[in-house]
Amino acid sequence: MPIRTGQEYVSQLRKSKPTIWLKGKKVKNMNRHPSFRGLIESQAALYDLQHDPSKKRVMTYTSPLSGDLVGTSFMQPRTKEDLEQRRFTIQEWATYHAGMMGRSPDYMNTMIMALSSAAALLTDQDPMLAENMRSFYEHCRENDLALSHTFIGPKSIIREDSDAKSIAACIVDKNDDGIIIDGMRLMATKGGTTDEILVVSNTASLFSETDPHTFAFAIPTDTPGLQFICREPLSYGTSTYDYPLSSRFEEMDSIVLFDRVLVPWNRVFFYERVDIANKLYRESNVNHHITHQVLCKSIVKSEFALGVLQLMTDTTKVGHHPHVKEKIGEIIVTLEMLKALLLSSEVNAQVDRWGNMLPAKGPLWAARQYFPKMYPRIIEIMQLIGASGLVTIPSEEDFYSEIGHDLNFLLQSEPRDGYEKIKLFRLAWDLCMSAFGTRQVLYERFFFGDPIRKAEELYEIYDRSSCVARVEEFLKRHKKKK
């Protein structure tokens, strides 16, 4: 089938019956539940964007399998023009959600595209597994499926008081039908609100050749025995005036429990083989493609924050202060740095061993270190410029009460009346002060993992040989005194 509509996505979720726990109760109808409804409606709108006549040419391409129009975020980029088309698609979606949905469909679509391209790495265990990966990619692309994922497990592996039963999800049995998974995994963002979940051990122990905690597979979110335990919701309500971001884009995070879940063999991509897990992580180039997708989104997120700050500055008439200009200048520099790094990665892209046009890793790795440090600063600047204006913000209900007329007059700031001014400042508050906004900061800080480890990785992989050679050549110019 071709690209699906938002209604088709919503209808499929209505048919699905995943087991989702929230505040000690099972969620019976997530489509109508206030903690999920906004996200589901927003994701449905993303699917509808692919049908917009003005965007369809960029956001879709012809499937090499079916001939139908499918989403560009699934595209294996063979040329620099393909990379550019992928960027346009990513940023169209990011513009809709203001960069707030870190797990919009393009993130996981990019991931399975990259993994499928490198599926040959799986043949060392079994050629069938490589074919499973390619078939799953095609299944997702042809049906425009939404995916969540989980990569990490708990630090504790074994329960000391339970006959060595594993806490972390592991393979406890294998039979003719598939592998049996029992235990838990962490941090499945949007868990339960997608069609499928991808479970991957992205790195594994170097001290053993086989490990039952090492595997990769994908299953529907309503698979028997699969459960999602949600954190506390970060949206305070459904009003898009009072909570303009969190009411729309709150991506629920969850723990994933596997109660002897059967994963069919045709959905298994590797199992128990530590070397396969490590090789797939290192050699598939999935990190390059994912970082490119994230950088595209981060630029839009920075542009949105800059726009909010400029409107705040214009509304409160503080733009003439040197310290305000200097602070907003910091964000302009951040934005232009990100745009330059993205452009550099695409201009210097080269075809990799899998036939994909691979963005240059140097600029991507630099962006991966840079943005997690700068986004918290962007939010701090918003707090500093907003000051008490981010605290004295009545709700929409106040403006519709008997004191509403007075509020509209007293809180005005040319050219905005009180209602419109507070609407802007509630947006800024949701971005920089609410629980939702705080989660966004934490998310960006640790999106790619421990920043110190990533700095070490950058040090290890970045080729500095030409720089060293140039200095060595310079030193040789010196002539000893006779």
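How many cavities of 30 Å³ or more does the count come to? The count comes to three. This is a predicted model, in which local features need pLDDT of at least 70, side-chain atom pairs count only at pLDDT 80 or more, and totals for chains, interfaces and linings use all residues. Residues are numbered from 1 along each chain as its sequence is written, and side-chain values use heavy atoms, with hydrogens and water left out.

**View 1. The largest cavity is lined in part by helices H9 and H11**. A cavity is a set of points on a 1 Å grid over the protein atoms alone where a 1.4 Å probe fits but cannot get out; lining residues have an atom within 4 Å of a point. Its volume is about 80 Å³, taken as the space filled by probe spheres set on the points, with grid points joined across faces, edges and corners. Thr291, Val294, Leu295 and Ser298 are among the lining residues, as are Ala367, Arg368, Phe371 and Pro372. Glu444, Phe447 and Phe448 also line the largest cavity. H9 and H11 (361-386) each supply at least two lining residues. Helices (H or I, at least four residues) and strands (E, at least two) are DSSP runs, numbered from the N terminus. By class, this lining has seven nonpolar, two polar and two charged residues. Ala, Val, Leu, Ile, Met, Phe, Trp, Tyr, Cys and Pro count as nonpolar, Asp, Glu, Lys and Arg as charged, and the others, Gly among them, as polar.

**View 2. The second largest cavity takes the largest share of its lining from H11**. Its volume is about 70 Å³. H11 gives four residues. Helix H16 (451-461) also supplies at least two. The lining includes Arg368, Gln369, Pro372 and Lys373, together with Arg445, Phe446 and Phe448. Gly449, Pro451 and Lys454 line the second largest cavity too. The classes are four nonpolar, two polar and four charged.

**View 3. The second largest pocket is lined by 15 residues**. A pocket is an open set of grid points with protein on both sides within 12 Å along at least five of seven lines. About 230 Å³ of space lies in the second largest pocket. Arg4, Gln12, Asn143, Leu145 and Asp195 lie nearest its centre. Helix H1 (residues 6-15) provides the largest share of the lining, four residues. Three lining residues are nonpolar, six polar and six charged.

**View 4. H9 packs against H10**. Helix H9 (residues 286-316) and helix H10 (residues 322-347) meet at an angle of about 160°, with axes 10 Å apart. Axes are lines fitted to C-alpha atoms, for helices over the stretch in contact, and angles run from 0 to 180 degrees between N-to-C directions. That makes H9 roughly antiparallel to H10 (angles over 145 degrees count as roughly antiparallel, under 35 as roughly parallel, 65 to 115 as roughly perpendicular and the rest as oblique). Contact (heavy atoms within 4.5 Å) involves, among others, Leu295, Ile299, Leu306 and Leu309 of H9 and Ile328, Ile331, Leu335 and Leu342 of H10. The contact residues divide into 13 nonpolar, six polar and three charged.

**View 5. H4 crosses H9**. Helix H4 (residues 80-97) and H9 pack at about 45°, with axes 9 Å apart. That makes H4 oblique to H9. The crossing is right-handed. H4 contributes Leu83, Arg87, Ile90, Gln91, Ala94, Thr95 and His97. H9 contributes His292, Gln293, Cys296, Lys297, Ile299 and Val300. Six contact residues are nonpolar, five polar and two charged.

**View 6. H5 crosses H6**. The axes of helix H5 (residues 105-117) and helix H6 (residues 127-143) come within 9 Å and cross at roughly 145°. H5 passes H6 in a left-handed crossing. Ile112, Met113, Leu115 and Ser116 of H5 touch Met133, Arg134, Phe136, Tyr137 and Cys140 of H6. This contact has seven nonpolar residues, one polar and one charged.

**View 7. Backbone details at Arg260, Glu272 and Pro415**. Most residues other than glycine have a negative phi, and most peptide bonds are trans. Arg260, in strand E11 (residues 253-264), has a positive phi near 50°. Glu272, in strand E12 (residues 268-273), has a positive phi of about 70°. The peptide bond from Glu414 to Pro415 is cis, with omega near 15°. Pro415 lies in the loop between helix H13 (404-410) and helix H14 (418-432).

Key
Left-handed = near helix turned anticlockwise from the far one by under 90°.
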